[in-house]
Number of protein chains: 4
Amino acid sequence: MIKVGIVGATGYTGVELLRLLAGHPQARVTVITSRGEQGKPVADLYPNLRGIVDLTFSDPDLDTLGACDVVFFATPHGVAQSMVADILALGVKVIDLSADFRIRDADLWEQWYGQPHSARGLISQAVYGLPEFNRKDIKSASLIACPGCYPTSVQLGFLPLIEAGCIDLEDLIANSASGVSGAGRQASVANLHTEVSDSFKAYAVSGHRHHPEIVQGLGDMASGKSVGLTFVPHLLPINRGIHTTLYANLTDLSVDVQALFEERYKDEPFVDVLPAGRYPETRSVRGSNYCRIAVQRPQGGKKVVVLVVEDNLTKGASGQGIQCMNIMFGFPESAGLTAAALLP
Amino acid sequence: MIKVGIVGATGYTGVELLRLLAGHPQARVTVITSRGEQGKPVADLYPNLRGIVDLTFSDPDLDTLGACDVVFFATPHGVAQSMVADILALGVKVIDLSADFRIRDADLWEQWYGQPHSARGLISQAVYGLPEFNRKDIKSASLIACPGCYPTSVQLGFLPLIEAGCIDLEDLIANSASGVSGAGRQASVANLHTEVSDSFKAYAVSGHRHHPEIVQGLGDMASGKSVGLTFVPHLLPINRGIHTTLYANLTDLSVDVQALFEERYKDEPFVDVLPAGRYPETRSVRGSNYCRIAVQRPQGGKKVVVLVVEDNLTKGASGQGIQCMNIMFGFPESAGLTAAALLP
Amino acid sequence: MIKVGIVGATGYTGVELLRLLAGHPQARVTVITSRGEQGKPVADLYPNLRGIVDLTFSDPDLDTLGACDVVFFATPHGVAQSMVADILALGVKVIDLSADFRIRDADLWEQWYGQPHSARGLISQAVYGLPEFNRKDIKSASLIACPGCYPTSVQLGFLPLIEAGCIDLEDLIANSASGVSGAGRQASVANLHTEVSDSFKAYAVSGHRHHPEIVQGLGDMASGKSVGLTFVPHLLPINRGIHTTLYANLTDLSVDVQALFEERYKDEPFVDVLPAGRYPETRSVRGSNYCRIAVQRPQGGKKVVVLVVEDNLTKGASGQGIQCMNIMFGFPESAGLTAAALLP
Amino acid sequence: MIKVGIVGATGYTGVELLRLLAGHPQARVTVITSRGEQGKPVADLYPNLRGIVDLTFSDPDLDTLGACDVVFFATPHGVAQSMVADILALGVKVIDLSADFRIRDADLWEQWYGQPHSARGLISQAVYGLPEFNRKDIKSASLIACPGCYPTSVQLGFLPLIEAGCIDLEDLIANSASGVSGAGRQASVANLHTEVSDSFKAYAVSGHRHHPEIVQGLGDMASGKSVGLTFVPHLLPINRGIHTTLYANLTDLSVDVQALFEERYKDEPFVDVLPAGRYPETRSVRGSNYCRIAVQRPQGGKKVVVLVVEDNLTKGASGQGIQCMNIMFGFPESAGLTAAALLP
């Protein structure tokens with residue numbers, strides 16, 4: 001039984017870690033920190049945890065975190081980079097759910113996140129935590145940069161096509177839609193029920209922070225070839241779930257895309273390729289770590305359409321972090337992540 | 001065509017006034033004020049008004065408001081009381097959608113609203129704007145205190161029973177549920193989509209500001225007799241709509257409650273008594289000024305159950321204010337308020 | 001590891017059984033039946049079970065069901081009564097989630113359910129599966145009649161007050177609101193998204209089938225004293241969750257209701273009495289077997305208000321059935337039921 | 001005041017016609033027909049119309065319909081084609097909201113709709129009712145084929161670009177999302193609240209009946225040039241609203257797309273081009289006849305992204321039909337269609 005610390009557990013990825021880890025057979029959360037809520041039982045903030053999680057928020061300090069085997073950062077960007085070096089120095093592994101170590105080019109990171117990066121030296125140590133592409137490196141990593149929610153869905157959807165070299169990399173489109181929990185738990189007018197519910201809209205078409213992360217990831221899959229991506233995120237009036245619709249032009253019309261996806265993901269515990277003709281629904285992964293994918297060629301033409309669903313808080317964040325933890329510590333990769341999605 | 005001013009039009013009752021008045025045949029909004037949004041076109045804040053309302057927010061000042069025939073206050077409590085005297089002095093009528101003048105006992109008001117009342121002298125001038133009970137006084141009023149959203153539904157539901165003297169006034173129950181727009185358009189965690197949607201809860205059982213207002217109103221209907229009311233509000237995961245379920249014990253079992261309600265409201269333009277056996281739905285009044293009511297005696301017993309629906313922003317606020325305006329200015333009472341509810 | 005059969009697993013209580021039992025450490029579903037879907041993999045109908053449940057629907061037959069240790073009926077009323085005698089005769093225990101054996105008075109059952117009861121002789125054998133009241137009898141039962149969803153919430157809310165003898169039994173009110181999954185998975189216009197969402201209404205005020213069941217249960221708690229109940233159900237635009245608001249008049253004003261509830265439920269694994277002043281939300285039990293309760297006396301008066309939330313498919317149906325199974329087979333009562341609710 | 005008949009007014013486009021026409025200054029609905037609901041007051045079916053529409057459903061017959069100036073068909077496909085010839089013969093104009101006369105190639109129609117077309121001779125008479133492209137022909141038409149909901153949004157979004165000849169017509173993508181009312185008011189499991197709410201999915205990627213209609217319309221705009229379109233519809237958990245995200249490659253990088261759209265639509269009463277950088281939301285057109293459009297070139301590249309919102313029941317069906325009616329009868333084009341969208 002390893003000891004787990006969580007920094008910044010007041011947000012939705014934090015409570016999702018608590019929910020999932022409460023059922024993990026080989027890990028136990030021993031410390032959760034929050035500067036703002038110090039001394040408050042976590043169940044006061046999240047009533048679903050009453051009777052299940054007895055922990056109280058504490059101030060983040062190195063002594064307590066240093067007693068853990070692994071520390072998760074479920075913080076806004078900018079926090080992890082200020083603490084990670086000290087924690088690693090104590091021999092504690094770190095899984096960062098925030099954006100701090102996702103982008104290898106520090107200048108690019110600073111440009112998109114609008115602040116200096118205070119731990120440039122650590123960036124090259126960080127392993128991008130997408131098990132389906134990076135499992136081997138994750139196994140030996142000390143610092144994991146968990147992928148963003150949108151990037152997970154886009155990369156898993158394009159991965160088989162890029163590895164097979166059968167699409168035009170210069171004209172990729174990712175049309176994504178996310179539930180509101182992706183925006184976090186900060187007071188805001190824009191995310192009020194009255195502003196979001198019963199409506200749908202695109203946003204950030206001119207540029208979203210996940211764009212450079214996705215382009216980097218797709219480039220890695222393409223062995224460094226240049227990638228041209230149009231990414232349009234939308235806001236869904238639901239709490240959990242991302243649905244990504246991908247469009248690409250096949251350069252090789254002879255490829256059997258259904259077989260390609262089934263083969264590529266046949267051993268993956270959390271990627272489910274649907275039978276031909278089925279459509280994935282976000283509710284089919286609500287609260288679970290599964291990513292479900294369907295692939296189609298409308299009218300048998302050169303356009304390939306890939307449909308991907310995941311829960312943005314689970315496979316898109318906390319569940320994927322736990323999957324990485326399982327790999328790092330040699331646990332069964334599905335440990336603590338086997339529950340079925342909640343439906344209806 | 002009268003000139004209408006709106007103070008504080010950035011909130012949901014403000015935009016509802018604009019939406020409704022845009023179609024009013026005898027009134028035109030000429031000034032809308034907001035300290036925070038001065039200079040901004042209202043359509044930038046409320047995209048549904050693009051192409052329909054061309055006004056720009058201005059700072060509230062007496063010269064501009066003084067040129068109006070009537071000024072609505074769509075402000076949080078505490079604002080109207082600081083401005084109304086000056087506006088009335090200019091011969092301009094005032095319709096206050098806030099709570100400032102609803103409660104005649106200023107000490108009681110101060111106790112519930114937690115601040116001194118700065119216009120105690122005006123309270124006795126204010127007429128409570130519930131047309132179904134107070135139409136005559138509204139006609140000659142200069143200052144209208146528009147009823148709260150919950151109080152409108154509770155009072156309209158009990159009115160026929162209280163006037164008929166056939167229920168035990170000491171044991172009244174109002175079990176209400178409101179859409180989220182009742183909480184306004186302020187940044188808050190509690191009203192985020194992620195906190196409100198897909199859930200339901202009671203709140204303020206120990207005491208809600210609408211409790212003293214309702215008790216005062218029911219007491220007036222009972223000619224000053226004492227009234228005992230248990231009021232439990234709940235929060236619905238919808239934007240608009242209040243559903244109130246009332247419980248009372250009949251003291252006269254011979255009364256035909258269906259006939260009583262039909263007779264009492266037969267000439268009311270905005271109170272619709274449903275045929276026996278039908279149930280009102282909040283969606284049947286979404287965006288309209290109707291209040292729909294059904295009355296039942298389960299198993300023919302002494303308990304009478306009244307079901308009331310209204311749109312909290314329309315009959316529960318802005319629509320009722322316009323209905324009062326129509327009465328005050330001698331317009332047809334339904335002017336500008338005849339649109340059907342949006343369904344589905 | 002016991003073998004579990006499920007008759008009628010195509011509905012929502014059926015899939016909920018499958019979801020919950022997939023994680024049960026001591027029970028394994030070996031057969032699921034459906035006349036309409038015979039031969040179809042359950043994961044084709046419920047995509048959340050892909051990769052988790054490999055079973056295929058089969059025709060219900062005694063040989064297969066007879067090889068089970070326990071059979072759940074997740075069928076509409078009328079089905080279990082036609083099959084239970086044969087299954088019991090094979091020494092297999094039965095947990096009926098339907099209404100067939102809930103009401104001891106067969107004439108009353110026939111009156112409310114509008115059809116003859118074909119297994120009158122078995123009714124007296126059935127034990128009403130409310131562990132918090134009936135745990136001892138459940139332990140030795142062969143046939144469990146699982147309580148209805150509304151009745152569970154109403155009975156758990158009134159139980160401490162009735163046992164303490166401190167309320168007027170003749171004037172009880174249960175104002176309940178349920179999510180749409182309570183209506184099942186049948187094609188209907190009334191339960192379309194377009195008819196239900198963004199709205200709220202009461203229904204069945206003149207009489208609901210759960211009324212006689214609740215009255216019987218409350219009467220049992222009151223040692224057979226007569227009970228007068230007004231029950232008004234409402235339909236919430238959410239999928240899962242029941243919120244019940246109970247009203248009663250205290251006959252003993254000296255009682256400390258908060259302490260009464262805390263004491264009564266202190267050893268119950270699935271009843272959570274909230275601290276004074278907190279309000280239960282349906283989302284805090286979404287997908288979990290918890291029932292959370294708060295109790296208030298507004299303004300310290302004689303009216304006691306009890307607020308109860310449960311997930312209608314879990315504690316209100318399938319979860320409660322599994323809780324009964326755990327008791328019957330001597331498993332830890334929480335086995336397979338410890339997951340936290342999904343929030344947000 | 002013209003007399004209007006509606007055939008098939010029990011569905012959502014029918015009730016939307018009634019809601020909108022109730023406020024039309026120059027048209028009055030005199031007959032509504034329904035074979036199934038004959039003799040029933042329409043307000044019994046649609047409670048939002050109580051007190052506003054007094055009509056009763058009647059059997060469709062030529063005498064009654066022949067007394068109208070115009071007859072709307074709000075029926076499933078296949079109905080209008082069997083009745084239109086007789087109605088036109090009586091000198092009554094027809095506006096068909098169904099798909100019967102949208103596709104000029106009758107063989108193609110039969111292939112997609114899976115039944116013979118029984119009024120092939122009338123197809124060439126029908127004018128496609130998209131005022132922004134076809135206003136002149138609509139003015140003199142006797143038979144209008146109202147565009148489908150998706151096709152309206154896609155065509156209005158591509159129109160300026162196609163007319164300007166600045167995009168590659170062979171690689172157009174329309175990624176659309178529609179509210180559930182688009183599926184109509186038939187009993188079905190697929191459209192239950194429990195199946196649709198809190199989820200999102202694509203459907204009909206392999207082929208949707210609106211695909212040939214859109215391709216025909218875009219081809220007309222391109223003066224008959226060949227058009228290659230990938231169309232992926234999605235189902236939104238809201239009742240009203242379509243959001244379409246269009247992707248195309250510019251062939252002329254010098255074009256100012258913002259100016260192009262503003263210029264093209266500057267005189268259109270119901271197409272609102274948003275200022276650069278704004279995003280249209282479906283709620284901003286809820287219940288209104290507006291179509292709001294934004295256009296972007298991410299990172300100033302060759303990909304142009306167009307965002308279009310409309311209410312599928314209003315601009316996507318009934319409102320557009322009334323707009324056509326206004327043009328046909330020489331009324332102001334906005335008559336009866338000026339109400340602002342309902343927000344929040």
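Colleague: Hi! Which residues of helix H7 in chain C are buried?

Modeller: In this predicted model, helix H7 (residues 131-139) of chain C has Pro131(C), Glu132(C) and Ile138(C) as its buried residues.

Colleague: Where do they fall, seen down the axis of H7(C)?

Modeller: They fall within an arc of 50°, so the buried residues line one face of the helix.

Colleague: And what do the buried residues of H7(C) pack against?

Modeller: Their partners in chain C are strands E6 (127-128), E7 (143-145) and E12 (271-273), along with helices H8 (149-163) and H12 (314-328).

Colleague: New topic: how many residues of chain D are in contact with chain A?

Modeller: There are 35 residues of chain D in contact with 35 residues of chain A. Elements of chain D giving two or more residues to that side include strand E8 (172-178), helix H9 (193-196) and strand E14 (303-310). By class, that side of chain D divides into 17 nonpolar, 12 polar and six charged residues.

Colleague: Last one: how many residues of chain B are in contact with chain D?

Modeller: That contact joins 26 residues of chain B with 26 of chain D. Helix H1 (residues 12-21) of chain B gives the largest share of chain B's side, three residues. The side of chain B that touches chain D has 14 nonpolar, seven polar and five charged residues.

Definitions and conventions:
Residues are numbered from 1 along each chain as its sequence is written. Chains are lettered from A and ligands numbered from 1 in the order in which they are written. This is a predicted model: local features need pLDDT of at least 70, side-chain atom pairs count only at pLDDT 80 or more; totals for chains, interfaces and linings use all residues. Two residues are in contact if their C-beta atoms, placed from the backbone, lie within 7 Å. Helices (H or I, at least four residues) and strands (E, at least two) are DSSP runs, numbered from the N terminus. Ala, Val, Leu, Ile, Met, Phe, Trp, Tyr, Cys and Pro count as nonpolar, Asp, Glu, Lys and Arg as charged, and the others, Gly among them, as polar. A residue is buried if 20 or more other C-beta atoms lie within 10 Å of its own, exposed if 12 or fewer, and partly exposed in between; C-beta atoms are placed from the backbone. The arc is that of the directions from the helix axis to the C-beta atoms.
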